[in-house]
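Here are my notes on this model, as numbered points. Please read them with the structure open.

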Amino acid sequence: MAKSPKILKKFKLSVDGQGYLGIADEITLPKVTVKTREVTSGFQAPIELDIGQLEKLEGSITLLEYNDAVMKLLGGWGVKTTTMTARGAIQAQGEAPVPVVVTLEGFFKEVDMGNWKDGEEAKLTMQYTVQKYQLKIGQDEIYNIDLYNDTRIINGKDQMKLLRAAIGE
């Protein structure tokens, strides 16, 4: 018997501890992409090698209002990072819901106040960049990435540990 997919059924966002339930419309989570180098020399087809880096971690949030508290968090030079926590529940038909928690540390780099149209929400989209990214599904920590401390823990294993050791860190 085929299982049904787990569907995101609830979602809430907090920014620096302030909750935005009912105001946060959407979050685009960072895409995690391993940087690779294509090698062709001597192979019958190109292969890609992990070069020990990730692509830039960034995303966006959309609020259903012009929220001055969030808008004032723009920029990150010389100030503390902003912490965002997105919590959701995924659930397959007939099964118990499973919590999904994403914790991001970084700063907002762009404010987009969108278009104005009478009678519609004043949507606010904020682009952010991330230095720390943690993803938990249920009790499992899937990702724990800390760019400043050069850690990339995936499924409990720090993929950068041996490289840090090799350079004496």
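1. The ground rules come next. This is a predicted model, where local features need pLDDT of at least 70, side-chain atom pairs count only at pLDDT 80 or more, and totals for chains, interfaces and linings use all residues. Residues are numbered from 1 along each chain as its sequence is written, and side-chain values use heavy atoms, with hydrogens and water left out.

2. Thr-62 sits in strand 6 (residues 58-63). Strands (E, at least two residues) are DSSP runs, numbered from the N terminus. Is Thr-62 buried or exposed? Thr-62 is buried, because its relative accessible area is 11% and buried means under 20% (1.4 Å probe, protein chains only).

3. Contact means heavy atoms within 4.5 Å. Leaving aside neighbours within four places in sequence, Thr-62 is in contact with Ile-23, Ala-24, Asp-25, Glu-26, Lys-123, Leu-124 and Thr-125.

4. Val-100 belongs to strand 8 (residues 98-112). Val-100 counts as buried because its relative accessibility is 15%. Beyond four places in sequence, its contacts include Ala-86, Arg-87, Gly-88 and Leu-135. Trp-77 is 23 residues from Val-100 in sequence and 30 Å away in space, C-alpha to C-alpha.

5. A nonpolar core is a set of buried Ala, Val, Leu, Ile, Met, Phe, Trp, Tyr and Cys residues joined through side-chain atoms within 4.5 Å. The largest one has 24 residues, and Ile-61, Leu-104 and Tyr-133 are among those with the most contacts inside it. Strands 1 (7-15), 3 (24-28), 6, 7 (82-91), 8 and 9 (124-137) each give two or more residues to this core. Strand 9 gives the most, six residues.

6. A pocket, on a 1 Å grid over the protein atoms alone, is an open set of points where a 1.4 Å probe fits, with protein on both sides within 12 Å along at least five of seven lines; lining residues have an atom within 4 Å of a point. About 160 Å³ of space lies in the largest pocket. Val-100 is one of its lining residues, and Leu-8, Phe-11 and Arg-87 are others. Strand 7 supplies the largest share of the lining, four residues.

Note on methods. Buried means under 20% relative accessible area, exposed over 50%, partly exposed in between (1.4 Å probe, protein chains only). Grid points are joined across faces, edges and corners, and a volume is the space filled by probe spheres set on the points.
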